[in-house]
Amino acid sequence: MNKHIFFIPFTILLFISLISRPTSDMLYFVLLIFLFIVTYLIYKIYFLERQLETEQKAKLDIKQIKDSTVIAKQNFFNLANNIKSGVLSFNEFGHIIYTNKSFPKIFGFVTEENSRIVDISHNELKKIIVHAYGRESYVDNTLEIGSEHYRVTVNPIFTKSGEYTGGLLLATNVSSIIKTKVIQKAFIADVSHELKTPISSIKLANELLYKNENLSSEEREEIFEIVTKEITRTENLVKDILDLSKLDRLDFKLVLDNADLKDIISEAVSQLNVSALEKNIVIKDSSQSHVLRVDSARIKQVLLNLLKNAITYTDEGNIYVFTREVKRHVEIVVEDTGIGIKKEDLDLIFERFYRVDKNRSRKTGGSGLGLPICSEIISKHNGTLLVKSKLGKGSRFIITLPLDYIGEY
Ligand SMILES: Nc1ncnc2c1ncn2[C@@H]1O[C@H](COP(=O)(O)OP(=O)(O)OP(=O)(O)O)[C@@H](O)[C@H]1O
Ligand SMILES: [Mg+2]
């Protein structure tokens, strides 16, 4: 309604009173009173209407805010319920207001809505939350739950005006990071240990040569031979360590090309034929032609490793190499009639520095990094490296490569 509307009756009556002179002062007075009452009423109706309009608008606004809060809450719940990390939120009174689906799976207990943080049954978790409650800074902890490790962070939550309204807890599984760190530490310890042995031998030989001037030329030659062997061993070990760390790098890329596996196998076999024959072993290669997208140098490196192992761990008999296609994959099989591997050791031989017989490997200069390197290379081709073996009968290493591998993007 137009706000000037209440001037209309006033103007009309003023006009009437002017053009038609009232018959009496009394009538004139009544007319005036009437005029004021009507004006007042119109004025009142107008403002009441406005007030009603404002109230309705405010109600609508509140409803909209409520609706958007419900939607925002729902969106948050949907989001939080779909993440693997555990989520818990509490308010400024220390009451739990929300936990997501993953939370009970991680901590093994269900929280009631509005239960208190001090009543949390998981002691370590309770300590973290109670410590974080009321704090205006971020709290960061690590929790061990069973065999898993979780990073538990609590973020304080503030309103727009900066008032503390509680906190949001996030528990993220960091076991793989911790495991990697443990593996790295163990690897450094293993490397140091592996390097210590040849260095000690070289140091001892050096002292012997220095302190004993009267050594015979045969004795000197023997010492030189030991030193040379240990230096070669150290050199190979360092080469393998460097190669593994290269393969471990996130930015490592295979040099891919279309190559025939038959050619790669034949190159590796001819490179080791002599050392096999020295042990009276024949490498029988019956591989077929399979053109695949591979890193030829790396596949050859794997074959050389497997063939060297087969020669080293075979005292008599032969080595067989063959290929076959199985369900969109090519298998390369390296089989020997050697000493074989115990069932308990079959998985372990792919672990870094693992050797079944440390004394035998020391004699042959093996460091236990050959198979882990092979495994890494094959898995980088999206393939697998498996072993089947019978103690005293021989071993069969099977490389499986996908026929349609096109490399990483
Ligand atoms: N063909 C095989 N027959 C029997 N045992 C094997 C064979 N291949 C590997 N092994 C066992 O697995 C262990 C690990 O092999 P791997 O090639 O990783 O190390 P390595 O040969 O000892 O040293 P290197 O780092 O020089 O290769 C060996 O020490 C050996 O005990
Ligand atoms: Mg080896």
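Here is a short tour of a predicted model, going from its sheet to its ligand. Residues count from 1 along each chain as its sequence is written, while chains are lettered from A and ligands numbered from 1 in the order in which they are written. Local features here need pLDDT of at least 70, side-chain atom pairs count only at pLDDT 80 or more, and totals for chains, interfaces and linings use all residues.

**Stop one: the sheet.** Select the five strands and you'll see an open, antiparallel sheet in the order β2-β1-β5-β4-β3. Strands are DSSP runs of E, at least two residues long, and helices are runs of H or I, at least four, all numbered from the N terminus; two strands pair if DSSP finds at least two bridges between them. At the edges sit β2 (96-99) and β3 (139-145), each pairing on one side only. From one strand to the next, the twist averages 20° (axes are lines fitted to C-alpha atoms, for helices over the stretch in contact, with angles from 0 to 180 degrees between N-to-C directions).

Now pick β1, residues 86-91: β1 and β2 pair antiparallel over three bridges. Click F90 and look opposite, and there's I96 in β2.

Colour α4 (residues 123-132), which lies across β1, β3, β4 (148-158) and β5 (164-173). Against β3, α4 runs at about 175°.

**Stop three: ligand 1.** Show the 22 residues around ligand 1; Y313, R355, V356, G366 and G370 come nearest. Helices α8 (296-312) and α10 (370-380) each give two or more residues to this shell, and α8 has the largest share, with three.

Note on methods
Two residues are in contact if their C-beta atoms, placed from the backbone, lie within 7 Å. A residue is near a molecule or strand if its C-beta atom, placed from the backbone, lies within 6 Å of it.
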